[in-house]
Amino acid sequence: MDSTLFNSIAYDLPVLTDSWRLWFIDGYTIALASCVVLGSRLGARMGPGVTLAIGLFVFAVAGAAPALLDSPTSWTATRFVQGFGYALIVSSVASVIGGLPNTAERTLGYSLWITTYSIGAGAGPLLGRAIVDIGAYNLLFWLPAAIALFCGWLAALLLRDIDLGQAASTKIDVASSLLAFLGFGLFVAGLQSHGEALGRVLATLAGCGILAVFCLRQLRSRDPLIDVRMLPFSRLGACSLALVSGSACYTGSVFLFSSEADSLLSILPVSVLALWVSLGGFAFHKLQARFSPVHMLQVSLATCALGLVVAAFVGLWPASFLIGLGVGVSMASGDAYLLGSVPSRDVARAAALQETSLAVGAALGVAGFGGTFAATGSVGVTSVMTALLVAVVVWTLRYNRGVLTA
């Protein structure tokens with residue numbers, strides 16, 4: 001709810017101007033992308049219940065801070081901290097559900113997680129627009145913080161004794177996390193269409209260089225944060241690419257379609273898009289027997305691209321259904337094939353790759369869509385340009401030669 005809420009009303013927040021809108025949203029997802037695996041390591045040390053409670057309290061304090069501050073710099077800084085809190089939340093919830101002993105319980109846990117996530121994501125734009133319309137901007141920060149505090153109290157009360165039997169000696173590689181944070185942040189900065197072109201190019205090159213150092217460090221590590229050896233395109237690279245693309249289409253579309261919304265009625269397609277994603281898992285399980293894994297990934301992303309074209313030339317209502325369904329199926333199939341195509345001993349590392357891919361896509365979507373929209377000033381042009389990029393991804397997936405199973 002918090003993510004889509006601010007994603008959909010960034011243009012209505014008076015303190016944020018120009019590139020600060022993108023940084024306010026992207027700071028959250030950059031911190032999530034670079035810290036979600038670190039959060040799982042902290043969970044192995046302290047236990048998922050304690051980590052979840054700490055994550056919720058960090059999320060609450062950082063989320064409420066902008067109500068007491070009045071500069072875009074301080075707002076964005078708190079958003080980075082809030083993203084770290086959310087990384088602890090995501091990794092802890094995944095650990096708790098994954099640690100359930102019974103397969104039926106794990107399936108129910110993941111289904112409840114996806115359902116509640118989709119309900120919150122769909123409610124976010126409506127809640128944000130309603131609060132903006134009555135001019136109660138501070139409520140945007142106090143309400144999610146209050147909910148997080150209440151959930152943090154429940155987590156501390158009910159989950160503190162959970163022990164999943166994970167190794168307390170699991171290495172916490174802070175240096176790699178800092179490299180990922182800095183490299184990815186600079187790379188995203190280069191995508192945003194603000195500032196001098198030379199500065200953006202230098203930021204992108206610096207980000208790529210730092211990420212290359214991060215990858216080399218992971219290759220040499222016996223216990224890497226992200227096992228980049230899993231990424232050859234013949235193995236799990238196709239799944240990761242599909243997850244990044246689908247997640248980028250989702251967050252980018254929410255941001256783009258909200259840029260011109262000025263009422264509850266005009267924001268409804270954004271909520272429909274978010275809710276429709278939840279049907280992707282159901283549709284995937286109905287369709288996977290009829291399509292090969294690579295064709296499933298291609299068709300789902302092609303549906304996203306078609307939805308973006310429809311948004312440019314037809315309207316947001318039909319586009320929201322197409323993009324939501326395409327994103328939902330691509331993310332469900334990417335998750336299933338990525339986790340199902342590795343032996344049981346590698347599932348934990350595959351899950352780390354999965355969570356990071358989704359978070360990376362979330363940040364790239366806002367930066368890419370937002371930067372293109374800032375440069376062109378047109379929802380239609382931005383949609384068509386992004387659809388072409390997704391089409392390139394669809395074409396690239398045909399060269400995958402790996403054996404993927406759900």
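1. Contact here means heavy atoms within 4.5 Å. Leaving aside neighbours within four places in sequence, I226 is in contact with V37, F214, Q218, A352, L353 and T356. The largest nonpolar core has 73 residues, and I226, Y250, F257 and V327 touch the most other members. A nonpolar core is a set of buried Ala, Val, Leu, Ile, Met, Phe, Trp, Tyr and Cys residues joined through side-chain atoms within 4.5 Å. A second, separate core holds twelve residues, including L13, A67, I131 and V132.

2. On provenance: this is a predicted model, in which local features need pLDDT of at least 70 and side-chain atom pairs count only at pLDDT 80 or more, while totals for chains, interfaces and linings use all residues. Residues are numbered from 1 along each chain as its sequence is written, and side-chain values use heavy atoms, with hydrogens and water left out.

3. The secondary structure of the protein chain comes to 15 helices and zero strands. Both are DSSP runs numbered from the N terminus, with helices being H or I of at least four residues and strands E of at least two.

4. For overall dimensions, the C-alpha atoms fill a box of roughly 50 × 50 × 45 Å along the principal axes. Of the contacts with a separation of 6 or more, 80% are between residues 24 or more positions apart.

5. Of the 406 residues, 52% count as buried. Buried means under 20% relative accessible area, exposed over 50%, and partly exposed in between (1.4 Å probe, protein chains only). The accessible surface of the protein chain comes to about 17300 Å², and 69% of this belongs to carbon and sulfur atoms. Accessible areas come from the Shrake-Rupley method with a 1.4 Å probe.

6. The chain carries 20 positive and 18 negative side chains, and the centres of the two sets lie 13 Å apart. Lys and Arg count as positive and Asp and Glu as negative, with His and the chain ends not counted. The place of a charge is NZ of Lys, CZ of Arg, CG of Asp or CD of Glu.

7. Helix α1 (residues 2-9) is largely enclosed by the rest of the structure, because seven of its eight residues are buried. The buried residues are D2, T4, L5, F6, N7, S8 and I9.

8. S357 lies in helix α14 (residues 347-376). S357 is buried, with a relative accessible area of 6%. Beyond its neighbours within four places in sequence, S357 is in contact with S240, L243 and V244.

9. V81 lies in helix α4 (residues 72-98) and is partly exposed, at 43% relative accessible area. With neighbours within four places in sequence left aside, V81 is in contact with V58 and A62.

10. T396 is in helix α15 (residues 379-397) and counts as partly exposed at 26% relative accessibility. T396 and S330 are 66 residues apart in sequence and 15 Å apart in space, C-alpha to C-alpha.
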